[in-house]
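Please prepare a briefing on the structure shown below.

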Amino acid sequence: MTTEASARADSAEPLHRETIEGLGTVHVRRLDPARDADVVHSWVGEERARFWGMRGMSLDEVREIYEHLDSLTTHHAFLIVLGDEPVMLFQTYEPEADRVSECYEVEPGDIGLHLMIGPAKGSPRPGFTAAMLRVLIGHVLADGRVRRIVAEPDVRNAKAIDRLRRTGFELGPEIVLPEIDLPEVFLPEKKARLVVLRRETA
């Protein structure tokens, strides 16, 4: 298994790679807005992705959002790829540079996380989601500065909250993320459940 800490490597270069018994080789790479907008657009438009907040957006709008995110030093987007098939999208961010900082006390070593599993293809693969989450967490914690992973799924997304709980995240309070209305981005108010994964329990 190879791990690179820098999120600024070439977007095509794997940042983390491992082989999972029964599934195959997976790797993490940075999301490239030009190359990956098609697949992300196809995912976020589905009913199952309604909590991602991008349903109804055009391909160009999705690309522009990820071009903006790619321009930031505090927020990063990644894909987990199984073989040559993207299977999970996740984003990391520095909580102090995000609206979540208004809802909890940020600690040194915190990193924020958003994630979405891609649509299932073919026959069911038992243990697939759990395995991809282990890959994601392994990649994030490869940075020794990270002490806690913080996520804030929509409070209505009971399935995601339960999955994170079973992965080891501690359930925190319900919070309300304030609306953000800027020229570059609009985010509506969001009622969420704060969840935290500590390095020592991951």
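**Buried residues of helix α3**

The buried residues of α3 are F128, A131, M132, L133, V135, L136, I137, H139, V140 and L141. Buried here means under 20% relative accessible area, with exposed meaning over 50% and partly exposed in between (1.4 Å probe, protein chains only). The model is predicted: local features need pLDDT of at least 70, side-chain atom pairs count only at pLDDT 80 or more, and totals for chains, interfaces and linings use all residues. Residues are numbered from 1 along each chain as its sequence is written, and side-chain values use heavy atoms, with hydrogens and water left out.

**Helix α3**

- Ten of the 14 residues of α3 are buried, so the helix is largely enclosed by the rest of the structure.
- Helices (H or I, at least four residues) and strands (E, at least two) are DSSP runs, numbered from the N terminus.
- Helix α3 covers residues 128-141, and its end C-alpha atoms are 20 Å apart, which agrees with the 20 Å that its 14 residues should span at 1.5 Å a residue.
- The expected span of a helix is 1.5 Å times one less than its number of residues.
- R125 lies over the face of F128, at 4.4 Å from the ring centre.
- A charge sits over a ring if NZ of Lys or CZ of Arg is within 6 Å of the ring centre and within 35 degrees of the ring normal.

**Helix α1**

- Helix α1 (residues 33-44) spans only 14 Å between its end C-alpha atoms, whereas a straight helix of twelve residues would span 16 Å at 1.5 Å a residue.
- P33, D36, A37, V40, W43 and V44 are the buried residues of α1.
- D32 caps the N-terminal end of α1, with a side-chain oxygen 2.9 Å from the backbone nitrogen of A34.
- A polar contact is a pair of N or O atoms within 3.5 Å; within protein, one must be able to donate a hydrogen and the other to accept it, and residues adjacent in sequence count only if both atoms are side-chain atoms.

**W43 and V44 in helix α1**

- W43 lies in α1 and is buried, with a relative accessible area of 4%.
- Apart from neighbours within four places in sequence, W43 is in contact (heavy atoms within 4.5 Å) with A49, L79, P86, V87, M88, L89, M116, G118 and P119.
- The C-alpha atoms of W43 and V87 are 10 Å apart in space, and the two residues are 44 residues apart in sequence.
- V44 is also in α1 and is buried, with a relative accessible area of 1%.
- Leaving aside neighbours within four places in sequence, the contacts of V44 are A49, W52, M54, R55, V62 and M116.
- V44 and R55 are eleven residues apart along the chain, and their C-alpha atoms are separated by 5.7 Å.

**The aromatic pair**

- The structure holds one aromatic pair.
- F78 and F90 form this pair, which is stacked, at 5.0 Å centre to centre and 20 degrees between the planes.
- The pair links distant parts of the chain, with F78 in strand β4 and F90 in strand β5 (residues 85-93), twelve residues apart.
- Rings of Phe, Tyr and Trp (its six-membered ring) pair if their centres lie within 6.5 Å; planes under 30 degrees apart count as stacked, over 60 as edge-to-face and the rest as tilted.
- F78 counts as buried at 3% relative accessibility, and F90 is buried with a relative accessible area of 0%.

**Other strand residues**

- H76 is found in strand β4 (residues 75-82) and counts as buried at 11% relative accessibility.
- The side chain of H76 reaches the backbone oxygen of T73 at 3.3 Å.
- T92 is in strand β5 and is buried, with a relative accessible area of 8%.
- Beyond its neighbours within four places in sequence, T92 is in contact with T74, H75, H76, F78, I111, G112, L113 and V140.
- I20 is in strand β2 (residues 16-20) and counts as buried at 12% relative accessibility.
- Setting aside neighbours within four places in sequence, I20 is in contact with V26, A131, M132 and V135.
- I20 and R125 are 105 residues apart in sequence and 12 Å apart in space, C-alpha to C-alpha.
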